[in-house]
Amino acid sequence: MKKDITQDILEEWLENVRPYAFDGQVANYIPALSRQNPEELAVAIQYLNGESVEAGYTEATFTLQSISKVIALALALMDNGEDYVFDRVGMEPTGDPFHSIYRLEKTPGKPLNPMINAGALAVTNMIHGDTPDEKVGRLLSFIHDLTDDHTIGYNPEVASNEFETSFLNRSLLFYMKQHRIVKGSVEETLDAYTKQCAIEVNVCQLARIGALFANGGRDLESGRSIIPKHLARICKTFMVTCGMYDASGSFAIKVGIPAKSGVSGSVLASLNHFGGIAVYGPSLDEKGNSVVGLKLLELLSNRYDLSIF
């Protein structure tokens, strides 16, 4: 454990990377996200022994967006088993953008991995529940277990914005339905997915999720197994190979920590024998990753030798 990462030091690191907030742009294709303040930065570290340290606007909430893909994958695996899930979604990384439809024509119809949009939509389709609200309700209950916080919900404005503008995601779903990768209503799956992406947390709650994955799926306080250890390992492996969109390779070299980003500007990192790290910085680079999040994790990894490689 890096006990020398105190709140004062973390605040200093956050101030050091603050200028990078102006090197990117907030997501402007979702109206609610376009109003985010690029200077509203936060970071939290949750250690496995229950101690934590945080800095910045730690009370600020943001939507999970693509970070929800990791959590949804864990639940879908628990619901259906590995064979069922990976018969429909692959395990290979891709150098294509996260919203690309190109690879579906090659497979055919089977997404390369659960971290791109096509794969994530297929995973959400697999979560048990007869209606979108049942699926989302189960996912929220799961997140309540992961965080030990039952106040977490989703932002209806963001969910509505995304549902109304998800033309490409609809195309991905229809293409996969043609090839029997997804079942049921396209609109209902998209409804569940956009609500899933709109689930709101702060950096402290997100860091706790990262710590639970780092703890082999066990609750930090009670030791209760919430995610089977081998499924937590699968999720962390996808974070290494596919978690930072088509910048996953360079992130692995520069930072070397299992991580997943979202277009709200948040990044979740999970490190065995250490804990969880969450960073929030709304400005995104051209790949869709938080500029501040990438820089801060790179600095922390290099300074404290956190790389798994």
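Buried means under 20% relative accessible area, exposed means over 50%, and partly exposed lies in between, with a 1.4 Å probe and protein chains only.

First, the ground rules. This is a predicted model, where local features need pLDDT of at least 70, side-chain atom pairs count only at pLDDT 80 or more, and totals for chains, interfaces and linings use all residues. Residues are numbered from 1 along each chain as its sequence is written, and side-chain values use heavy atoms, with hydrogens and water left out.

Now the cysteines. Cysteine 235 has 0% relative accessibility, so it counts as buried. Cysteine 204 sits at 27%, so it is partly exposed. What about disulfides, meaning pairs of cysteine sulfur atoms within 2.5 Å? The count is zero. Take cysteine 235: its closest cysteine sulfur, in cysteine 242, is 12 Å away, too far for a bond.

On to the sheet. Strands are DSSP runs of E, at least two residues; helices are runs of H or I, at least four; both are numbered from the N terminus. Two strands pair if DSSP finds at least two bridges between them.

Five strands form an open, antiparallel sheet, ordered β2-β1-β7-β6-β5. Which strands stand at the edges? They are β2 (52–56) and β5 (259–261); each has a single partner strand, so one side of each lacks a neighbour in the sheet. β5 is joined to β6 (residues 266–271) by three bridges, antiparallel. There, serine 261 has valine 267 in β6 as its bridge partner.

Last, helix α1 (residues 7–17). Helix α1 packs on the sheet, touching β1 (42–47) and β2; contact is heavy atoms within 4.5 Å.

How values were computed:
Disulfide = S-S within 2.5 Å. Axes fitted to C-alpha atoms, helices over the stretch in contact; angles between N-to-C directions.
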